[in-house]
Amino acid sequence: MQQLRLTRTRRAALIGLAGVLAVSLTACAESKRDEAGGGGTGGTMVFGDTGNPKMFDPVFNDDGETFRITRQMLDTLIQNKQGTAELEPSLATKWESSNDGKTWTFTLKQGVKFSDGTDFNADAVCYNFDRWYNMKGAAAQSQMIYYGDVFEGFAKNEGDAGGDPVYKNCEAKDPSTAVINLNKAKGAFPAAFTLPSFAMQSPTAMKQHDADKVTQSGDSFTYSDYAYKFVTGTGPFKFDSWDQGKGEITLVRNDSSYAPAKLDKLVFKVIPDENARKQALKAGDIQGYDFPAPADYGLLRNEGEQVLIRPSFNVLYLGINQSGNPKLKDVRVRQALAYGINREQFVKSKLAEGSEVATEFVPKAISGYTDDVTKYPYDPAKAKQLLAEAGASNLTLKFYYPTEVTRPYMPNPADTFTSISEDLKNIGITIQPVAEPWNGGYKDDVQKFGKQDLHLLGWTGDYNDAGNFVGTFFGREKKEFGFNNPELFNALAAADASPAGDAHAKAYQGVNKQIMDYLPAIPIAYPTPAIVVGPKIKGVVASPLTDERFNNVTIG
Amino acid sequence: MLRFLVRRVLQAIPTLLILSILVFAWLRSLPGGPAAALLGDKATPEKIASLNHVLGLDQPIILQYFKFLGRAVTGDFGNSLVSAQPVMSEIGTFLPATIELGLSAMIIAIVLGVPFGYLAARYRGGVPDNIIIVLTLVGVAVPVFFLGYTMQDLLAAPLGLPSQGRQAPGIDATSITNFAILDGIMTSEWDAVWDAIKHLILPAFALATIPLAVITRITRASVLDVFNEDFLRTANSKGLTQSVIRRRHVLRNALLPVVTTIGLQTGALLGGAVLTERVFNFRGLGFLLAEGIERRDYPRLQALLLFGALVYVLVNMLVDISYGIIDPRVRVR
């Protein structure tokens with residue numbers, strides 16, 4: 001016991017030792033401050049992200065947090081006009097399709113260079129398209145989500161989910177004319193060319209850093225250095241650094257761009273907790289963040305922050321599975337459900353400012369939306385009557401809803417479930433609630449196994465094409481909805497194949513009418529997410545597609 | 001001593017092995033999976049099945065486990081599915097933050113908890129005792145995240161303390177070891193040292209509440225036990241001064257259960273760190289774990305959970321060693 005007792009001298013010696021240690025540490029490393037240097041007078045904006053990006057090669061990505069960053073560095077051929085879903089020129093000044101929709105000719109902007117000095121021209125365009133089409137390896141192909149959606153197949157499909165490729169080849173007619181040839185027409189074009197995954201990247205940089213190398217070992221993927229450090233485009237910013245420990249991605253102005261940013265630096269800081277983002281904005285650590293909680297709008301505005309409401313590009317629907325309960329095959333029962341739900345009140349009391357009642361399955365910003373559809377205003381008496389006519393007055397339905405999740409179209413699933421099921425109980429339907437975690441059974445049970453009678457789900461659009469909504473939902477027989485209606489399937493296929501422009505919009509207007517008569521599910525609302533920026537930030541325009549580009553942002 | 005250490009390390013191997021099986025099976029028995037998380041909102045069942053095939057997650061689980069084990073013994077725990085970084089390097093990057101936070105929390109808990117416990121015992125039944133008992137009850141009962149949010153809203157602004165993150169955005173501190181304070185000292189960036197300390201205060205106190213309350217109560221109980229011992233009467237009758245009695249006889253003898261508690265609480269700290277780090281956006285292992293669970297990041301979770309278990313085993317070993325130092329009756333063999 002004695003040996004441990006610290007005598008006064010020992011104690012002094014220990015303190016001395018600690019001091020010496022501290023002094024010796026002091027000298028042992030050099031400060032690296034101010035080496036990078038901001039430079040310029042444009043200032044820095046720090047934006048709060050909700051999650052980590054995966055890496056920065058957009059073709060292997062499909063998540064919003066990655067795209068938020070890549071769209072500041074990389075340009076697409078066509079882009080969405082700020083604040084809308086309308087198309088406008090970007091790297092292509094003009095685009096046109098042949099009558100059969102199989103050939104797309106792009107006239108390219110001249111004198112544009114990638115930030116590594118490589119020329120942007122028709123060869124570079126073709127290099128990008130050919131790169132996607134010829135991508136090798138099941139690992140790489142499995143990560144090309146949007147390519148798979150839009151172009152359907154590869155030169156050689158190596159996964160088990162590939163189909164016949166839509167893409168045929170690309171010709172560089174002259175340096176400023178690129179022609180994309182397709183095997184079949186597709187309604188997704190030209191809007192799909194705005195997808196961040198299809199942004200143009202420097203062929204030189206991709207070759208130099210082996211961009212296509214995606215390897216898979218065990219249950220994980222490894223990407224090449226290109227995807228982490230060397231992504232090279234023509235955009236207003238270019239990549240500077242990614243500090244994983246701090247969760248900070250730094251971009252700097254790309255001075256060699258044809259339209260450089262006004263800011264010197266743009267930093268994305270990952271803050272997954274919603275409240276922590278709010279705190280950071282209050283403290284001035286960040287100058288903006290995405291998806292503020294609707295309950296905070298008032299508070300944020302009181303403090304002088306700008307809450308910018310995005311035009312809706314979402315739809316929330318009540319799914320109906322006709323194979324679940326045979327009564328649901330009767331259109332009168334489905335109509336009764338529609339008449340029985342007080343959507344007006346739900347939207348007003350439960351959803352964020354700016355949200356609207358949905359009248360069909362595409363939001364208003366989409367071409368193909370029409371006001372001329374059968375509507376089902378709240379009318380519980382009529383609902384009861386329809387149920388009685390169909391002999392379904394004692395209907396019992398299994399109503400599935402997700403937990404542990406918020407989606408842009410469904411900020412609070414439990415609340416949504418409660419509102420809707422109360423309405424349905426009022427018209428005499430017995431509800432058996434089934435709550436399951438989103439990524440923990442819900443999606444499987446609802447979409448793969450079709451265990452439900454009713455369920456909540458929705459969609460956020462990727463680009464301005466009605467097929468991206470209704471084609472995805474009702475284009476073929478699916479477990480989720482459990483119906484087989486060849487007439488509807490054919491109409492959707494025909495609309496998808498109709499030539500771009502007015503004919504395309506008309507065709508989808510017809511389909512939307514048809515859907516609202518057949519009523520395979522019930523559209524509930526067009527919810528609106530928001531984005532918040534600090535009082536001094538100018539030039540952020542809220543986009544329906546969350547396509548906010550910070551090139552014009554200034555701090556005033 | 002050496003034999004003891006070697007034996008304990010060898011004993012840890014089967015423990016970790018069994019745990020790895022449990023973790024592996026448990027993760028895969030959770031509904032959902034990494035493919036659904038990776039592919040996002042719009043994943044179709046076909047795409048999920050295809051990705052599961054690419055990742056080998058459709059193979060028999062025994063086969064998957066042995067493949068995992070084969071790589072793990074070479075130190076390869078795979079890449080995180082969220083960040084695509086090797087999970088071992090992720091742990092290396094995020095561990096310093098958790099050590100800083102955990103160490104600060106434990107220092108707070110010990111420096112305050114032991115005197116509080118002693119005080120409560122000394123004035124047993126009196127006002128200090130009652131106040132301390134009530135406070136410890138509150139300390140154990142209040143959830144960390146609630147306390148964290150409350151501190152952010154009520155304390156941060158009046159005290160001028162940052163409510164989230166590890167460093168002020170404009171500080172531009174040089175990062176060498178990822179230990180913010182140590183880096184600041186090494187590079188003589190004293191403002192960065194001060195900044196890092198300020199960022200630690202609120203989360204460290206939030207994380208410290210539970211261990212603080214537990215240590216206080218154990219110290220109190222343990223000191224009360226010693227007060228009733230015969231040797232204390234002897235010491236008193238020998239005419240030793242009160243300060244010598246307190247230091248040498250009471251505290252020393254009361255410390256054994258306290259040290260055990262400190263060890264257990266240190267091991268359990270990672271649990272509290274998950275919430276604290278999330279609330280304060282303090283980027284450490286808990287932060288990494290929370291993100292991994294949301295995204296069903298098998299490789300990261302496997303590595304982190306095993307790492308947590310390893311820490312627990314090591315802390316227990318340290319506790320056992322410290323017994324021998326505090327109490328010579330417990331000899332380490």
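**View 1. D123(A) is partly exposed, with 15 C-beta neighbours inside 10 Å.** Partly exposed falls between buried (20 or more other C-beta atoms within 10 Å of the residue's own) and exposed (12 or fewer), with C-beta atoms placed from the backbone. Look for D123(A) in helix 3 (residues 122-133) of chain A; helices here are DSSP runs of H or I of at least four residues, strands are E runs of at least two, and both are numbered from the N terminus. D123(A) and V150(A) lie 27 residues apart in sequence and 22 Å apart in space, C-alpha to C-alpha. This is a predicted model, in which local features need pLDDT of at least 70 and side-chain atom pairs count only at pLDDT 80 or more, while totals for chains, interfaces and linings use all residues. Residues are numbered from 1 along each chain as its sequence is written, and chains are lettered from A and ligands numbered from 1 in the order in which they are written.

**View 2. Here 53 residues of chain A are in contact with 57 residues of chain B.** Contact means that the C-beta atoms of two residues, placed from the backbone, lie within 7 Å. Helix 14 (438-449) of chain A is one of the elements that supply at least two residues to this side of chain A, and helix 14 gives the most, with six residues. By class, the side of chain A that touches chain B has 20 nonpolar, 19 polar and 14 charged residues. Ala, Val, Leu, Ile, Met, Phe, Trp, Tyr, Cys and Pro count as nonpolar, Asp, Glu, Lys and Arg as charged, and the others, Gly among them, as polar.
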